[in-house]
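This report walks through selected features of one model.

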Amino acid sequence: MEIPDLDAVRQLNSVRYVRLREISEPDKRVFNSLRIVVEQAMVNEAVVVVSNRPELANVLSGAHPIESVEGCKKFQLSWKHYLAYLVTEELVGSNAPNGYIDEVYSGRILRVYTKSHFLDHIMRDTGGHIQEVLHYKLVCLDHLIDIDVISYYPPDVKVFAYGEAFSEREGRLQ
C-alpha cells in the first residue's frame, strides 16, 4: 500500500477549517481518478460581519467571517482510482458532532476510517474486491460538506502555498 505524504496530511489536519474549491475526475485516460482541492480558511478578525436586516443585529454582533486570506494553504488530494465517493450536504448529513460510537477513525479534517457506516454500505452492496477497501472523509466548511471516498489506495496529498497555482489539466504546480 502506498503511504501518503505524512507531513502534508499533518498540515491538513492541523488547520481549523477548509473550503471545498474543486472536485473533479481530471484524467479521463485513467478510469475513476479523483481530485479534490480544498483551501484553508480562518476567522478573519480584520473584518466584521454586518447585515442590513435588523433581526440579525444581535446574532451578528461582533461576528467575523471565516474565509481564505493571505497565508492560507491549498491542499490537493488525488486518488489514482476510487471505488465510490459521496458528497453530503449538512441538512441531510450526520448530526453526530463527535461521530457515531460504532465508527472508528483517526484524523480531524482528513479522517481515515477503519469502521464506518459508509464502508459497511459499500462492502454490503458491492463485491469482487481485489484488496482491502479504505474509507476517507474530508470535512469541509462549505455548508458542512463531507466528502467520503472509498478506494484501494490512499490519496496523494500535496500542499500549495497561498497564491500558488496548479495546472488544471495536470494537477501540478505552475
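Tyrosine 152 counts as buried, at 9% relative accessibility. The model is predicted, and the values below are computed from it.

**Aromatic pairs**

What makes the pair of tyrosine 152 and tyrosine 153 edge-to-face? The ring planes stand at 85°, so the pair falls in that class. The cut-off for edge-to-face is over 60 degrees. The ring centres of tyrosine 152 and tyrosine 153 are 6.4 Å apart. Tyrosine 153 is partly exposed, with 22% relative accessibility. The face of tyrosine 153 also carries a charged neighbour: lysine 80 lies over it, 4.4 Å from the ring centre.

Across the whole structure, a search finds four aromatic pairs. One of them joins tyrosine 105 and tyrosine 113. This pair is tilted, with 45° between the planes and 5.0 Å from centre to centre. The tyrosines named so far compare as follows.

| Residue | Relative accessibility | Class |
|---|---|---|
| Tyrosine 105 | 29% | partly exposed |
| Tyrosine 113 | 6% | buried |
| Tyrosine 152 | 9% | buried |
| Tyrosine 153 | 22% | partly exposed |

Tyrosine 113 is buried because its 6% falls under the 20% limit.

**The sheet**

Five strands make up an open sheet, ordered E5-E9-E8-E7-E6, with antiparallel pairing. Strand E5 (84–88) and strand E6 (104–106) are the edges; each pairs on one side only. On average, neighbouring strands of the sheet are turned by 25° against each other, direction ignored.

Helix H3 (residues 117–125) packs on this sheet. Helix H3 touches E5, strand E7 (110–115), E8 and E9. Its direction makes about 40° with that of E9.

How many bridges join strand E8 to strand E9? Six do, linking residues 134–139 with residues 146–151 in antiparallel fashion. Within this pairing, tyrosine 136 has valine 149 in E9 as its bridge partner.

**A loop residue**

Glutamate 89 sits in the loop between E5 and E6. Is glutamate 89 buried or partly exposed? Its relative accessible area is 33%, so glutamate 89 counts as partly exposed. The C-alpha atoms of glutamate 89 and isoleucine 147 are separated by 9.2 Å, though the two residues are 58 residues apart along the chain.

**Serine 24**

Serine 24 belongs to strand E1 (residues 17–24). Its side chain makes a polar contact of 2.6 Å with the side chain of glutamate 22. Leaving out residues up to four places away in sequence, serine 24 touches Ser33, Leu34 and Arg35.

How values were computed:
Residues are numbered from 1 along each chain as its sequence is written. This is a predicted model: local features need pLDDT of at least 70, side-chain atom pairs count only at pLDDT 80 or more; totals for chains, interfaces and linings use all residues. Side-chain values use heavy atoms; hydrogens and water are left out. Two strands pair if DSSP finds at least two bridges between them. Helices (H or I, at least four residues) and strands (E, at least two) are DSSP runs, numbered from the N terminus. Axes are lines fitted to C-alpha atoms, for helices over the stretch in contact, and angles run from 0 to 180 degrees between N-to-C directions. Contact means heavy atoms within 4.5 Å. Buried means under 20% relative accessible area, exposed over 50%, partly exposed in between (1.4 Å probe, protein chains only). A polar contact is a pair of N or O atoms within 3.5 Å; within protein, one must be able to donate a hydrogen and the other to accept it, and residues adjacent in sequence count only if both atoms are side-chain atoms. Rings of Phe, Tyr and Trp (its six-membered ring) pair if their centres lie within 6.5 Å; planes under 30 degrees apart count as stacked, over 60 as edge-to-face and the rest as tilted. A charge sits over a ring if NZ of Lys or CZ of Arg is within 6 Å of the ring centre and within 35 degrees of the ring normal.
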